[in-house]
Amino acid sequence: MEKDRCPACRGALAPDALGGLRCEACGAAASEPMTVCPRCRHVNDPGAAACDRCSAELSAPCPGCNCINWAGAERCADCGRELDNLGHAFRPIGRSVEIRREELIRRVPGLKEQEERKSERRLDMLREADRRRMQRETERAAEAKAREQRIVRNVGMAVAVFLVIVVLAAVISLSMSAISE
Ligand SMILES: [Zn+2]
Ligand SMILES: [Zn+2]
Ligand SMILES: [Zn+2]
């Protein structure tokens, strides 16, 4: 099994803005945010402070708002400020790693919520498309039913007219025979 391919569609995987591995074809997340090493692209365990393989830091604080971003992020996820990601990625681990890790753990649920909101919007769009499709199908079914009802009505009318003629013919022939007697 190729681990660098999307398990759903076999599309190519690439890190997204939050440092999670994501399918470029279908958009499915293939890892938690902030798990991809910005230097060597190794995918680390969720919540890891530094890369298992090359020891680069996985997270970096924004110099503007101080919130914790993925170390490979081009912009701060909170305030949008441009980040010096290469500077962070190549900095050796300092003694604040434990503190960073705690910040990261606090921060990740927020990132998860952002991701959930995004996929919620995608789901809403799919639901809306589905609703419109159902509506069209309902309309088509109603039209077909109306057509059927028209046909049934017309056949009923024809039968009724035919019966009236038969009854009239019988009445006429009866009264004729009564007159001729
Ligand atoms: Zn995919
Ligand atoms: Zn690495
Ligand atoms: Zn910021």
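To begin with a term we will need, pLDDT is the predictor's confidence in each residue, on a scale from 0 to 100. What we are looking at is a predicted model, in which local features need a pLDDT of at least 70 and side-chain atom pairs count only at pLDDT 80 or more, while totals for chains, interfaces and linings use all residues. Residues are numbered from 1 along each chain as its sequence is written, and chains are lettered from A and ligands numbered from 1 in the order in which they are written.

Let me start with the confidence. The average pLDDT of the protein is 85, and 81% of the residues score at least 70. Confidence is highest in β2, at 94, and lowest in helix α1, residues 85-89, where the mean is 54. Over residues 88-96 the pLDDT is below 50, and this stretch has 14 contacts in the model beyond near neighbours in sequence; two residues are in contact if their C-beta atoms, placed from the backbone, lie within 7 Å.

Now to the overall build. The protein has two helices and four strands, and along the sequence they follow the pattern β-β-β-β-α-α; here helices (H or I, at least four residues) and strands (E, at least two) are DSSP runs, numbered from the N terminus. Among contacts between residues at least 6 apart in sequence, 28% join residues at least 24 apart.

Next, the interior. A residue is buried if 20 or more other C-beta atoms lie within 10 Å of its own, exposed if 12 or fewer, and partly exposed in between, with C-beta atoms placed from the backbone. By that rule, 23% of the 181 residues count as buried. If we leave out residues up to four places away in sequence, Cys-37 touches His-42, Asn-44, Cys-51, Arg-53, Cys-54, Ala-56 and Leu-58.

Leu-18, in the loop between β1 (13-15) and β2, is buried because 22 other C-beta atoms lie within 10 Å, and its C-alpha is 6.5 Å from that of Ala-73, although the two residues are 55 apart in sequence. Pro-38, in the loop between β2 and β3, is buried because it has 23 other C-beta atoms within 10 Å, and its C-alpha lies 7.8 Å from that of Gly-19, 19 residues away in sequence. Leu-83, in the loop between β4 and α1, counts as buried because it has 21 C-beta neighbours inside 10 Å. The contacts of Leu-83, again without residues up to four places away in sequence, include Ala-60, Asn-69 and Ala-73.

Finally, the backbone. Most residues other than glycine have a negative phi, so which way does the phi of Ser-55 go, positive or negative? Ser-55 has a positive phi, near 70°, and this residue sits in the loop between β2 (21-23) and β3 (59-61), where it counts as exposed because it has 12 C-beta neighbours inside 10 Å. Asn-66, which is not a glycine either, has a positive phi of about 70°; it lies in the loop between β3 and β4 (68-70) and is exposed, with 11 other C-beta atoms within 10 Å.
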